[in-house]
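The sequence and the model are shown first, and the notes follow by topic.

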Amino acid sequence: MVDAETLIRPVVEGAGVELIDVSFAGAGDQRTLRVTVDREDGLDLDAIATLSDKIARRLDLEDFGAGGYRLEVSSPGIERPLRTPAHFARVVDSQVRVKTTAPVDGVQVHVGVLLASDDDGITLDVDGAQRRLPYTDIASATTAADWGAELKGTKV
């Protein structure tokens with residue numbers, strides 16, 4: 001059987017949208033197929049609903065998901081996951097939270113401003129010190145919102 005991402009990617013990209021992530025959660029008939037998508041100018045609910053219908057039709061045509069599942073299509077939100085060099089490049093000069101596979105400079109969670117991203121890794125400013133992290137050492141990463149500023153509508 002073909003995996004979900006292989007079936008979904010052409011539908012998403014054909015709509016001019018970026019596929020951020022595809023994941024299954026749960027077990028048996030309680031499984032949820034989560035598809036996270038984004039576009040540079042953002043996505044409204046109508047665009048997500050239309051894309052969700054297209055994805056569902058493609059999965060049905062391919063007879064995907066024996067045993068049933070629930071499909072969820074959404075945008076990544078404010079604190080979006082960063083998985084590829086392109087994801088990191090898009091948020092240079094933004095605050096990020098990176099968890100490494102092993103401690104670097106004595107810590108595993110690094111919160112700072114993303115200074116640079118290239119094919120091999122990223123450079124962060126963590127409390128005024130530059131920290132280089134190769135992609136191979138990154139377990140997970142997200143943008144890190146300043147929730148106080150977000151709630152007040154005054155991003156810093």
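Strands β1 and β2 (residues 32-38) run antiparallel and are joined by seven bridges. The model that shows this pairing is predicted.

- Three strands make up an open sheet, ordered β1-β2-β3, with mixed pairing.
- Its edge strands, β1 (18-25) and β3 (70-74), each pair on one side only.
- On average, neighbouring strands of this sheet are turned by 15° against each other when direction is ignored.
- Within the antiparallel pairing of β1 and β2, F24 stands opposite L33 in β2.

**Helices across the strands**

- Helix α1 (residues 4-14) lies across β1 and β2, and its direction is at about 150° to β1.
- Helix α2 (residues 45-61) lies across β2 and β3, and its direction is at about 145° to β3.

- T143 is located in strand β8, which covers residues 138-143.
- T143 counts as buried because its relative accessibility is 9%, and the cut-off for buried is under 20%.
- A polar atom of the T143 side chain lies 2.9 Å from the backbone nitrogen of R80.
- Leaving aside residues up to four places away in sequence, T143 touches I78, E79, R80, L82, V91, Q95 and V96.

Conventions. Residues are numbered from 1 along each chain as its sequence is written. This is a predicted model: local features need pLDDT of at least 70, side-chain atom pairs count only at pLDDT 80 or more; totals for chains, interfaces and linings use all residues. Side-chain values use heavy atoms; hydrogens and water are left out. Helices (H or I, at least four residues) and strands (E, at least two) are DSSP runs, numbered from the N terminus. Buried means under 20% relative accessible area, exposed over 50%, partly exposed in between (1.4 Å probe, protein chains only). A polar contact is a pair of N or O atoms within 3.5 Å; within protein, one must be able to donate a hydrogen and the other to accept it, and residues adjacent in sequence count only if both atoms are side-chain atoms. Contact means heavy atoms within 4.5 Å. Two strands pair if DSSP finds at least two bridges between them. Axes are lines fitted to C-alpha atoms, for helices over the stretch in contact, and angles run from 0 to 180 degrees between N-to-C directions.
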